[in-house]
Amino acid sequence: MTQYVGAIDQGTTSSRFIVFDREGHLIVCKQREHAQLYPRPGHVEHDPLEIWRNTQDVMRDALDAAGLTPKDLLSIGITNQRETTLIWDRRTGEPLHNALVWQDTRNDRLVTEFARDGGRDRFRALTGLPLASYFSGLKLRWLLDHVDGAREKAEAGDVLFGNIDTWLVWNLTGGPEGGLHVTDVTNASRTQLMSLETLAWDDGMLATFAIPRAMLPDIVSSSQVYGETRVPFAGVPIAGILGDQQAALFGQTCFQPGEAKNTYGTGCFALMNTGEKPVPSTCGLVTTLGYKLDGQPAVYALEGSIAITGALVQWLRDNLHMIQDSAEVERLATTVEDNGGVYFVPAFSGLYAPHWNEGARGLIIGLTRYANRGHIARACLEATAFQTHEVLEAMETDSGIPVRELRSDGGMVANVTLMQFQADILDVPVVRPKVAETTALGAAYAAGLATGYWKSTDDLVRNWGVDRRWEPNMEAAQRRRITATWKRAVKRAFDWDMQDD
């Protein structure tokens, strides 16, 4: 009997279930979007129950569409939007509040408070992360401080915390009826509560952030059999968990130190494999877990996180109504030869790597009467490439390893204009793989390795292949000029939204 591996890809805007065969080919994919909730400026929320309903629906829909049954699945992997934080009642499974999405900045005062003693890097050596509204630990602290009764219930062991991976595993394996409360090392490394050295919750961080240990999940490897599904169908092993960007690193088979990938989605996330020892960053990156296979040493990575890239195209569509469909942005951008001197810094929720400036806000600069819709569309696309260039420049400085090729994935890699400009700005080739769904594929690979579907990572490397390659063709002088102008624009965006202490 032919068997397959499934992957739940629970992202910022949608939930998907994808089935892959042994060669890494996509057999079937079903997807459902969930609502983006913006109750106040800077607040971004998701309904965890809607995400759970949609996840069940796409799992059933995918099997039905492909004519498969649960017995055809050898195992299931999970990849998820990271840092998105929720708490729920252990006995009922009811969330105590909507999930705080990774983009949410309501905890920025906590960032300022904790940075007063030791600065934003006071926990970097221990956790790999700067103090920022982005990470889960301070989002969890905000929920405990502001949701009525949450802290008391958490201290009594009646409230559970998790990122979306933990929420899904708990529900898939029974929820209130014995559901597993776990998270893998990649997701745990995004909380600012885990020690990079021990791969365990750190007592000092828990005490500093006032987080009750009783509410935290067990930390597990990224590839091992955790348990079996009970809903929406029974008996399929759950055997892989990876945060979405680490899953893309794994799906792109970046198994050697120095290999790097960039995922072009709602935001952009570049990761470089740095091997079995964490590399501290002095250039505004974060040190994170790349993955950990069961029984093997952990593999670390440097990461540069960019909050707004694909979301900027959505903003042009939904807020300015400049386009009707996201795919139209490339056509509009190609109506002009260049950006006409227009630069777009999309600091809608501050700037992440390598600047970590919470008070930055978005700006469009360089406007003249010459500028038109095409220039703004082009500046929108170029903003993604410029931000990626800043991150990879920092990676090379921190690691001492030159990036010789950038493996790219995510929805925006279909945009040929963007990919060519990215190669031009980086001055290295940009490569798109044959299997574009590298995030879900990485989760499937982790689950398949744990259950013997693939024997080793060598099998996965053999599956990887190039679909298209973009070579740089921009003059060095032009590259230097426009990147310098971009950096001037970024500095103008700094600290715009400064709040009184």
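At what angle do α9 and helix α14 (residues 438–450) pack? In this predicted model, the angle is about 75°, and the axes lie 7 Å apart. That makes α9 roughly perpendicular to α14, because angles of 65 to 115 degrees fall in that class. On the α9 side, the contact is made by D244, A247, A248, F250 and G251. On the α14 side, T438, T439, L441, G442, A443, Y445, A446 and L449 take part. By class, the contact of α9 with α14 has 8 nonpolar, 4 polar and 1 charged residues.

Of its 8 residues, 8 are buried, so α9 is largely enclosed by the rest of the structure. The buried residues are D244, Q245, Q246, A247, A248, L249, F250 and G251. T253 follows α9 and has a positive phi, near 55°.

The axes of helix α13 (residues 416–426) and helix α16 (residues 476–493) come within 9 Å and cross at roughly 100°. This angle makes α13 roughly perpendicular to α16. F421, D424 and I425 of α13 meet R479, I482 and T483 of α16. By class, 3 nonpolar, 1 polar and 2 charged residues make up the contact of α13 with α16.

Helix α4 (residues 136–146) is likewise set into the fold. Of its 11 residues, 9 are buried, so α4 is largely enclosed by the rest of the structure. They are S136, G137, L138, K139, L140, R141, W142, L143 and L144. The buried residues of α4 pack against both helices and strands. The strands are β6 (86–89), β7 (99–100) and β8 (159–162). The helices are α2, α5 (150–155) and α8. H146 also has its place in helix α4. The C-alpha atoms of H146 and H97 are separated by 9.9 Å, while the two residues are 49 apart along the chain.

R106 lies over the face of W142, at 4.8 Å from the ring centre. A further arrangement of this kind involves R407, which lies over the face of W464 at 3.8 Å from the ring centre.

Aromatic pairs were then counted. The count comes to 22 aromatic pairs. One of them joins F123 and F209 in an edge-to-face pair, 5.7 Å centre to centre with 90° between the planes. F123 lies in the loop between α2 (108–115) and α3 (124–127), and F209 lies in helix α8 (residues 203–209), so the pair ties together parts that are 86 residues apart in sequence. F123 and F209 are both buried.

F255 and Y291 form another pair. Their ring centres are 6.0 Å apart and their planes stand at 80°, so the pair is edge-to-face. This pair, too, links distant parts of the chain. F255 sits in the loop between α9 (244–251) and β13 (260–264), and Y291 sits in strand β15 (residues 286–291), 36 residues apart. F255 is buried, with a relative accessible area of 12%. Y291 counts as buried at 6% relative accessibility. Elsewhere, ring pairs link W102, Y134, F135, F269, Y352 and W356 into a cluster.

M194 is found in the loop between α7 (185–188) and α8. At 1% relative accessibility, M194 counts as buried, because it falls under the 20% limit. Neighbours within four places in sequence were left aside in listing its contacts. M194 is in contact with L126, T127, V185, A188, S189, L199, A200, W201, D202, I219 and L289. M194 and G178 are 16 residues apart in sequence and 25 Å apart in space, C-alpha to C-alpha.

Methods:
Residues numbered from 1 in each chain as written. Predicted model: local features only at pLDDT ≥ 70, side-chain atom pairs only at ≥ 80, totals over all residues. Heavy atoms only, no water. Phe/Tyr/Trp six-rings, centres within 6.5 Å; stacked < 30°, edge-to-face > 60°. Helix = DSSP H or I, 4+ residues; strand = E, 2+ residues; numbered from the N terminus. Buried < 20%, exposed > 50% of the residue type's maximum accessible area, 1.4 Å probe, protein only. Lys NZ or Arg CZ within 6 Å of the ring centre and 35° of its normal. Axes fitted to C-alpha atoms, helices over the stretch in contact; angles between N-to-C directions. Parallel < 35°, antiparallel > 145°, perpendicular 65-115°, else oblique. Contact = heavy atoms within 4.5 Å. Nonpolar A, V, L, I, M, F, W, Y, C, P; charged D, E, K, R; others polar.
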